[in-house]
Amino acid sequence: MLDRRSFLALSAATAAAGGLAACAKKSDTASSGSSGSSGGTITLGFSQVGSESGWRAANTQSVKDAAKAAGINLKFSDAQQKQENQISAIRNYIAQKVDVIAFSPVVVTGWDAVLKEAKAAGIPVVLTDRSVETSDSSLYVTLVGSDFEIEGERAAHLLEKVLADHKGAVKIAQLEGTTGAAPAIERAKGFKKVMDASDPTWKIVASQSGDFTRAGGKQVMAAFLQAHSDINVLFAHNDDMAIGAIQSIQAAGKKPGTDIKIVSIDGVHDGFVAMTKGQINAIAECNPLLGPQLMDIVKTVHAGKGSTLERWIKTKEGDYMAAQAAAALPTRKY
Ligand code: AHR
(Lines give C-alpha, C1' and ligand atoms only; values in the text may rest on other atoms or scores of the structure.)
Protein backbone atom coordinates (compact mmCIF):
# COMPACT_ATOMS: atom_id res chain seq x y z
CA MET A 1 0.00 0.00 0.00
CA LEU A 2 1.13 3.57 -0.63
CA ASP A 3 2.16 5.79 2.24
CA ARG A 4 -0.05 8.87 1.97
CA ARG A 5 0.90 10.43 5.29
CA SER A 6 1.53 13.92 3.97
CA PHE A 7 -1.80 14.04 2.19
CA LEU A 8 -3.57 12.73 5.25
CA ALA A 9 -2.08 15.29 7.57
CA LEU A 10 -3.91 17.95 5.57
CA SER A 11 -7.12 16.09 4.90
CA ALA A 12 -7.90 14.12 8.07
CA ALA A 13 -9.86 16.85 9.80
CA THR A 14 -12.04 17.65 6.78
CA ALA A 15 -12.58 13.98 6.08
CA ALA A 16 -13.68 13.34 9.64
CA ALA A 17 -16.24 16.10 9.41
CA GLY A 18 -17.52 14.75 6.09
CA GLY A 19 -17.71 11.29 7.58
CA LEU A 20 -19.92 12.55 10.37
CA ALA A 21 -22.47 13.85 7.90
CA ALA A 22 -22.26 10.80 5.64
CA CYS A 23 -22.82 8.37 8.48
CA ALA A 24 -25.48 10.14 10.40
CA LYS A 25 -28.37 8.35 8.68
CA LYS A 26 -26.81 4.89 8.66
CA SER A 27 -25.82 4.87 12.32
CA ASP A 28 -27.93 2.72 14.56
CA THR A 29 -26.32 3.63 17.82
CA ALA A 30 -26.88 1.72 20.99
CA SER A 31 -24.90 4.39 22.79
CA SER A 32 -25.89 7.16 25.11
CA GLY A 33 -24.30 10.33 23.81
CA SER A 34 -22.20 11.49 20.94
CA SER A 35 -18.73 11.62 22.43
CA GLY A 36 -16.40 8.77 23.28
CA SER A 37 -15.80 7.55 26.83
CA SER A 38 -18.74 8.04 29.14
CA GLY A 39 -17.58 7.74 32.75
CA GLY A 40 -15.78 4.44 33.24
CA THR A 41 -17.68 2.80 30.40
CA ILE A 42 -15.76 1.70 27.31
CA THR A 43 -17.13 3.11 24.06
CA LEU A 44 -16.70 0.86 21.02
CA GLY A 45 -17.32 2.09 17.47
CA PHE A 46 -18.21 -0.87 15.26
CA SER A 47 -18.54 -0.69 11.48
CA GLN A 48 -20.39 -3.66 10.07
CA VAL A 49 -20.07 -4.77 6.42
CA GLY A 50 -23.80 -4.72 5.72
CA SER A 51 -26.80 -7.01 6.02
CA GLU A 52 -26.17 -9.17 2.98
CA SER A 53 -26.68 -12.62 4.50
CA GLY A 54 -28.08 -14.72 7.32
CA TRP A 55 -24.51 -15.01 8.59
CA ARG A 56 -24.22 -11.24 8.78
CA ALA A 57 -27.56 -10.89 10.62
CA ALA A 58 -26.35 -13.42 13.23
CA ASN A 59 -22.99 -11.64 13.52
CA THR A 60 -24.64 -8.25 14.05
CA GLN A 61 -26.95 -9.67 16.72
CA SER A 62 -24.02 -11.36 18.44
CA VAL A 63 -22.04 -8.09 18.57
CA LYS A 64 -25.01 -6.10 19.90
CA ASP A 65 -25.97 -8.71 22.52
CA ALA A 66 -22.39 -9.18 23.69
CA ALA A 67 -21.80 -5.41 24.01
CA LYS A 68 -24.92 -5.11 26.16
CA ALA A 69 -23.91 -8.09 28.31
CA ALA A 70 -20.38 -6.70 28.75
CA GLY A 71 -21.60 -3.19 29.65
CA ILE A 72 -19.83 -1.72 26.62
CA ASN A 73 -21.27 1.41 25.03
CA LEU A 74 -21.68 0.31 21.37
CA LYS A 75 -21.88 2.70 18.45
CA PHE A 76 -22.94 0.59 15.47
CA SER A 77 -23.11 1.44 11.79
CA ASP A 78 -24.03 -0.64 8.72
CA ALA A 79 -21.86 0.12 5.66
CA GLN A 80 -24.25 -1.48 3.17
CA GLN A 81 -21.36 -3.39 1.55
CA LYS A 82 -19.60 -0.15 0.55
CA GLN A 83 -15.99 0.55 1.52
CA GLU A 84 -16.51 4.31 1.37
CA ASN A 85 -19.28 4.02 3.99
CA GLN A 86 -16.94 2.07 6.27
CA ILE A 87 -14.19 4.64 5.88
CA SER A 88 -16.69 7.40 6.71
CA ALA A 89 -17.92 5.46 9.74
CA ILE A 90 -14.38 4.96 11.04
CA ARG A 91 -13.62 8.66 10.58
CA ASN A 92 -16.83 9.41 12.43
CA TYR A 93 -15.70 7.23 15.34
CA ILE A 94 -12.29 8.93 15.36
CA ALA A 95 -13.99 12.33 15.50
CA GLN A 96 -16.13 11.09 18.40
CA LYS A 97 -12.99 9.90 20.24
CA VAL A 98 -14.35 6.41 20.92
CA ASP A 99 -12.08 4.19 23.02
CA VAL A 100 -11.76 1.33 20.51
CA ILE A 101 -12.78 0.88 16.87
CA ALA A 102 -13.71 -2.54 15.46
CA PHE A 103 -14.74 -3.30 11.92
CA SER A 104 -15.33 -6.13 9.53
CA PRO A 105 -13.72 -4.87 6.31
CA VAL A 106 -15.84 -5.24 3.19
CA VAL A 107 -12.71 -5.71 1.01
CA VAL A 108 -9.06 -6.40 1.85
CA THR A 109 -7.29 -3.40 0.30
CA GLY A 110 -7.45 0.37 0.70
CA TRP A 111 -7.43 0.76 4.48
CA ASP A 112 -4.00 2.17 5.31
CA ALA A 113 -5.01 5.84 5.18
CA VAL A 114 -7.92 5.63 7.60
CA LEU A 115 -6.09 3.19 9.87
CA LYS A 116 -3.21 5.66 10.10
CA GLU A 117 -5.71 8.34 11.10
CA ALA A 118 -6.99 6.08 13.90
CA LYS A 119 -3.42 5.40 15.03
CA ALA A 120 -2.57 9.11 15.00
CA ALA A 121 -5.62 9.72 17.19
CA GLY A 122 -4.44 7.00 19.60
CA ILE A 123 -7.50 4.79 19.02
CA PRO A 124 -6.74 1.05 18.77
CA VAL A 125 -8.41 -0.89 15.95
CA VAL A 126 -9.59 -4.51 16.11
CA LEU A 127 -10.56 -6.43 12.97
CA THR A 128 -13.47 -8.83 13.20
CA ASP A 129 -14.39 -11.54 10.70
CA ARG A 130 -12.29 -10.32 7.73
CA SER A 131 -8.66 -9.38 7.27
CA VAL A 132 -6.99 -6.45 5.48
CA GLU A 133 -3.79 -6.13 3.48
CA THR A 134 -1.66 -3.41 5.02
CA SER A 135 1.91 -2.18 4.71
CA ASP A 136 2.09 -1.61 8.48
CA SER A 137 1.04 -4.39 10.81
CA SER A 138 0.88 -1.98 13.76
CA LEU A 139 -2.26 -0.40 12.27
CA TYR A 140 -4.50 -2.96 13.94
CA VAL A 141 -4.16 -4.93 17.16
CA THR A 142 -5.66 -8.28 16.25
CA LEU A 143 -8.12 -10.09 13.99
CA VAL A 144 -10.83 -12.33 15.42
CA GLY A 145 -12.38 -14.52 12.76
CA SER A 146 -12.26 -17.59 10.56
CA ASP A 147 -9.53 -19.01 8.39
CA PHE A 148 -11.30 -18.65 5.04
CA GLU A 149 -8.69 -20.54 3.05
CA ILE A 150 -9.16 -23.53 5.33
CA GLU A 151 -12.92 -23.17 4.88
CA GLY A 152 -12.43 -23.43 1.10
CA GLU A 153 -10.30 -26.52 1.62
CA ARG A 154 -12.92 -28.03 3.93
CA ALA A 155 -15.63 -27.36 1.34
CA ALA A 156 -13.58 -29.22 -1.31
CA HIS A 157 -13.07 -32.16 1.06
CA LEU A 158 -16.82 -32.22 1.69
CA LEU A 159 -17.34 -32.32 -2.07
CA GLU A 160 -15.01 -35.32 -2.28
CA LYS A 161 -17.37 -37.11 0.13
CA VAL A 162 -20.48 -35.97 -1.74
CA LEU A 163 -18.99 -37.30 -5.00
CA ALA A 164 -17.67 -40.54 -3.50
CA ASP A 165 -19.86 -42.69 -5.79
CA HIS A 166 -19.88 -40.30 -8.75
CA LYS A 167 -18.65 -41.50 -12.14
CA GLY A 168 -17.80 -39.20 -15.03
CA ALA A 169 -17.00 -35.53 -15.48
CA VAL A 170 -17.32 -33.04 -12.64
CA LYS A 171 -18.30 -29.62 -13.96
CA ILE A 172 -18.32 -27.09 -11.17
CA ALA A 173 -19.98 -23.69 -11.02
CA GLN A 174 -18.56 -21.40 -8.34
CA LEU A 175 -20.59 -18.58 -6.82
CA GLU A 176 -17.99 -16.26 -5.36
CA GLY A 177 -18.52 -13.83 -2.53
CA THR A 178 -18.07 -10.07 -2.82
CA THR A 179 -15.23 -9.24 -5.21
CA GLY A 180 -12.11 -8.27 -3.28
CA ALA A 181 -13.42 -9.55 0.07
CA ALA A 182 -11.17 -11.82 2.11
CA PRO A 183 -13.67 -14.72 2.26
CA ALA A 184 -14.18 -14.62 -1.52
CA ILE A 185 -10.46 -14.58 -2.31
CA GLU A 186 -9.41 -17.17 0.24
CA ARG A 187 -12.31 -19.61 -0.08
CA ALA A 188 -11.69 -19.79 -3.84
CA LYS A 189 -7.99 -20.34 -3.19
CA GLY A 190 -8.48 -23.10 -0.61
CA PHE A 191 -11.07 -24.90 -2.70
CA LYS A 192 -8.89 -24.84 -5.82
CA LYS A 193 -5.85 -26.05 -3.91
CA VAL A 194 -7.65 -29.21 -2.77
CA MET A 195 -9.47 -29.61 -6.08
CA ASP A 196 -6.24 -29.53 -8.10
CA ALA A 197 -4.63 -32.10 -5.82
CA SER A 198 -7.73 -34.25 -5.56
CA ASP A 199 -8.92 -35.16 -9.02
CA PRO A 200 -7.82 -33.80 -12.41
CA THR A 201 -11.29 -34.46 -13.82
CA TRP A 202 -12.84 -31.75 -11.63
CA LYS A 203 -13.20 -28.54 -13.64
CA ILE A 204 -14.55 -25.13 -12.63
CA VAL A 205 -16.50 -24.23 -15.78
CA ALA A 206 -18.04 -20.99 -14.48
CA SER A 207 -17.12 -18.65 -11.63
CA GLN A 208 -18.58 -15.27 -10.79
CA SER A 209 -19.51 -13.12 -7.82
CA GLY A 210 -23.02 -13.28 -6.40
CA ASP A 211 -22.02 -10.71 -3.74
CA PHE A 212 -22.93 -13.08 -0.86
CA THR A 213 -26.65 -12.39 -1.43
CA ARG A 214 -29.60 -14.65 -2.32
CA ALA A 215 -30.60 -12.37 -5.19
CA GLY A 216 -27.03 -12.46 -6.53
CA GLY A 217 -26.86 -16.26 -6.25
CA LYS A 218 -30.16 -16.66 -8.05
CA GLN A 219 -29.28 -14.30 -10.89
CA VAL A 220 -25.75 -15.57 -11.50
CA MET A 221 -26.79 -19.24 -11.32
CA ALA A 222 -29.51 -18.62 -13.92
CA ALA A 223 -26.86 -17.20 -16.26
CA PHE A 224 -24.48 -20.10 -15.52
CA LEU A 225 -27.17 -22.64 -16.42
CA GLN A 226 -27.94 -20.91 -19.70
CA ALA A 227 -24.27 -20.94 -20.70
CA HIS A 228 -23.39 -24.39 -19.30
CA SER A 229 -26.29 -26.85 -19.26
CA ASP A 230 -23.93 -29.64 -18.11
CA ILE A 231 -23.00 -28.13 -14.72
CA ASN A 232 -23.35 -30.89 -12.11
CA VAL A 233 -21.78 -29.26 -9.03
CA LEU A 234 -22.24 -25.89 -7.36
CA PHE A 235 -19.73 -24.54 -4.86
CA ALA A 236 -21.24 -21.43 -3.26
CA HIS A 237 -19.12 -19.24 -1.01
CA ASN A 238 -22.09 -18.87 1.33
CA ASP A 239 -25.46 -20.48 2.07
CA ASP A 240 -27.49 -17.48 0.96
CA MET A 241 -26.10 -17.63 -2.59
CA ALA A 242 -26.70 -21.40 -2.62
CA ILE A 243 -30.33 -20.84 -1.56
CA GLY A 244 -30.80 -18.23 -4.30
CA ALA A 245 -29.19 -20.62 -6.82
CA ILE A 246 -31.56 -23.44 -5.80
CA GLN A 247 -34.45 -21.36 -7.16
CA SER A 248 -32.72 -20.99 -10.55
CA ILE A 249 -31.82 -24.68 -10.64
CA GLN A 250 -35.47 -25.60 -10.05
CA ALA A 251 -36.62 -23.04 -12.63
CA ALA A 252 -34.30 -24.77 -15.13
CA GLY A 253 -36.12 -28.06 -14.46
CA LYS A 254 -33.27 -29.62 -12.45
CA LYS A 255 -33.25 -31.06 -8.96
CA PRO A 256 -30.89 -29.25 -6.55
CA GLY A 257 -28.80 -31.68 -4.49
CA THR A 258 -29.38 -34.47 -7.03
CA ASP A 259 -28.83 -33.25 -10.62
CA ILE A 260 -26.56 -30.54 -9.29
CA LYS A 261 -24.68 -31.36 -6.08
CA ILE A 262 -24.30 -28.32 -3.82
CA VAL A 263 -21.65 -27.52 -1.22
CA SER A 264 -21.68 -24.17 0.56
CA ILE A 265 -20.17 -22.34 3.52
CA ASP A 266 -21.69 -20.77 6.68
CA GLY A 267 -24.19 -23.17 8.26
CA VAL A 268 -27.00 -20.67 8.86
CA HIS A 269 -30.46 -21.93 9.80
CA ASP A 270 -31.85 -21.77 6.25
CA GLY A 271 -28.78 -23.61 4.94
CA PHE A 272 -29.46 -26.42 7.39
CA VAL A 273 -33.13 -26.48 6.36
CA ALA A 274 -32.03 -26.83 2.71
CA MET A 275 -29.80 -29.75 3.78
CA THR A 276 -32.74 -31.47 5.52
CA LYS A 277 -34.58 -31.23 2.17
CA GLY A 278 -31.60 -32.72 0.33
CA GLN A 279 -31.13 -29.52 -1.68
CA ILE A 280 -27.70 -28.68 -0.23
CA ASN A 281 -25.44 -31.73 0.14
CA ALA A 282 -22.88 -30.39 2.61
CA ILE A 283 -21.87 -27.22 4.45
CA ALA A 284 -18.55 -26.08 5.91
CA GLU A 285 -19.46 -24.00 8.92
CA CYS A 286 -18.29 -20.39 9.38
CA ASN A 287 -19.15 -19.21 12.87
CA PRO A 288 -20.61 -15.67 13.07
CA LEU A 289 -20.99 -15.57 16.87
CA LEU A 290 -17.92 -13.40 17.41
CA GLY A 291 -19.50 -10.87 19.80
CA PRO A 292 -18.39 -12.31 23.18
CA GLN A 293 -14.78 -12.79 22.01
CA LEU A 294 -14.76 -9.30 20.53
CA MET A 295 -15.90 -7.73 23.81
CA ASP A 296 -13.18 -9.60 25.74
CA ILE A 297 -10.63 -8.32 23.22
CA VAL A 298 -11.95 -4.75 23.49
CA LYS A 299 -11.58 -4.87 27.29
CA THR A 300 -8.04 -6.23 27.00
CA VAL A 301 -7.06 -3.59 24.44
CA HIS A 302 -8.63 -0.80 26.50
CA ALA A 303 -6.67 -2.00 29.53
CA GLY A 304 -3.48 -1.45 27.50
CA LYS A 305 -2.78 -5.16 27.17
CA GLY A 306 -3.34 -5.51 23.42
CA SER A 307 0.21 -6.80 22.94
CA THR A 308 -0.71 -9.94 24.93
CA LEU A 309 -3.26 -10.92 22.27
CA GLU A 310 -2.52 -13.23 19.36
CA ARG A 311 -2.39 -11.49 15.97
CA TRP A 312 -5.17 -13.73 14.68
CA ILE A 313 -7.68 -15.30 17.04
CA LYS A 314 -9.23 -18.07 14.97
CA THR A 315 -12.78 -19.32 15.21
CA LYS A 316 -13.66 -22.98 15.77
CA GLU A 317 -15.96 -24.52 13.15
CA GLY A 318 -17.42 -27.86 12.04
CA ASP A 319 -18.38 -29.67 8.82
CA TYR A 320 -21.83 -31.08 8.09
CA MET A 321 -23.14 -33.54 5.52
CA ALA A 322 -26.87 -33.43 4.63
CA ALA A 323 -27.47 -36.68 6.54
CA GLN A 324 -26.48 -34.92 9.80
CA ALA A 325 -28.67 -31.86 9.24
CA ALA A 326 -31.98 -32.98 10.80
CA ALA A 327 -30.31 -34.02 14.05
CA ALA A 328 -28.17 -30.87 14.22
CA LEU A 329 -30.85 -28.33 13.25
CA PRO A 330 -32.56 -28.00 16.69
CA THR A 331 -29.25 -27.20 18.36
CA ARG A 332 -28.10 -24.59 15.84
CA LYS A 333 -27.71 -21.14 17.39
CA TYR A 334 -28.01 -19.08 14.18
O1 AHR B 1 -17.12 -12.72 6.04
C2 AHR B 1 -17.99 -13.78 6.28
C3 AHR B 1 -18.92 -13.94 5.12
O4 AHR B 1 -19.64 -12.76 4.90
C5 AHR B 1 -19.99 -14.99 5.27
O6 AHR B 1 -19.57 -16.26 4.91
C7 AHR B 1 -21.02 -14.49 4.33
O8 AHR B 1 -22.27 -15.09 4.45
C9 AHR B 1 -21.01 -13.05 4.69
O10 AHR B 1 -21.65 -12.24 3.87
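# A first look at this predicted model

Ala89 is buried, with a relative accessible area of 3%. That residue belongs to helix α3, and it makes a handy starting point for a tour of this predicted model.

- Ala89 and Asp78 are eleven residues apart along the chain, and 8.7 Å separates their C-alpha atoms.
- Six bridges join β1 (residues 43-48) and β2 in the parallel sense.
- Within this pairing, Gly45 of the chain stands opposite Lys75 in β2.

**The mixed sheet**

- Another open sheet of six strands runs in the order β7-β6-β8-β9-β10-β12, and its pairing is mixed.
- Here the edge strands are β7 and β12 (319-321), each pairing on one side only.
- Neighbouring strands of this sheet are turned by 15° against each other on average, with direction ignored.
- How do β10 and β12 pair, in the parallel or the antiparallel sense? They pair in the antiparallel sense, over three bridges.
- Ala282 has Met321, in β12, as its bridge partner.
- Helix α5 packs on the sheet and touches β6, β7, β8, β9, β10 and β12, with its direction at about 160° to that of β10.
- Helix α8 (residues 239-251) also packs on the sheet, where it touches β6, β8, β9 and β10. The direction of α8 makes about 155° with that of β9.

**Helix α6 and its cover**

- Helix α6 takes in residues 182-198, 17 residues in total.
- From its first C-alpha to its last, α6 reaches 24 Å, close to the 24 Å expected at 1.5 Å a residue.
- Several residues of α6 are buried, among them Ala182, Pro183, Arg187, Phe191 and Met195.
- The cover over the buried residues of α6 includes α5 (148-162), β6 (170-176), β7 (202-209), β8 (233-236) and β9 (261-266).

**Asn281, a loop residue**

- Asn281 sits in the loop between α9 (269-276) and β10 (282-285).
- Is Asn281 buried or exposed? Its relative accessible area is 12%, so Asn281 counts as buried, the cut-off for buried being under 20%.
- A polar atom of the Asn281 side chain lies 2.9 Å from the backbone oxygen of Gly257.
- Leaving aside neighbours within four places in sequence, the contacts of Asn281 include Val162, Gly257, Ile260, Met275 and Met321.

**Around the ligand**

- Which residues are around the ligand? They are Glu52, Ser53, Trp55, Arg56, Asp129, Arg130, Phe148, Pro183, Arg187, Phe212, Asn238 and Asp266.
- Pro183 and Arg187 are in this group, and both are also among the buried residues of α6.
- An N or O atom in the side chain of Ser53 is 3.1 Å from an oxygen atom of the ligand.
- For Arg56, an N or O atom in the side chain is 3.0 Å from an oxygen atom of the ligand.
- Asp129 has a polar side-chain atom that lies 2.8 Å from an oxygen atom of the ligand.

Note on methods
Residues numbered from 1 in each chain as written. Predicted model: local features only at pLDDT ≥ 70, side-chain atom pairs only at ≥ 80, totals over all residues. Heavy atoms only, no water. Pairing = 2+ DSSP bridges. Helix = DSSP H or I, 4+ residues; strand = E, 2+ residues; numbered from the N terminus. Buried < 20%, exposed > 50% of the residue type's maximum accessible area, 1.4 Å probe, protein only. Polar contact = N/O pair within 3.5 Å; in protein donor to acceptor, adjacent residues only side chain to side chain. Contact = heavy atoms within 4.5 Å. Expected span 1.5 Å × (residues − 1). Axes fitted to C-alpha atoms, helices over the stretch in contact; angles between N-to-C directions. Near = heavy atom within 4 Å.
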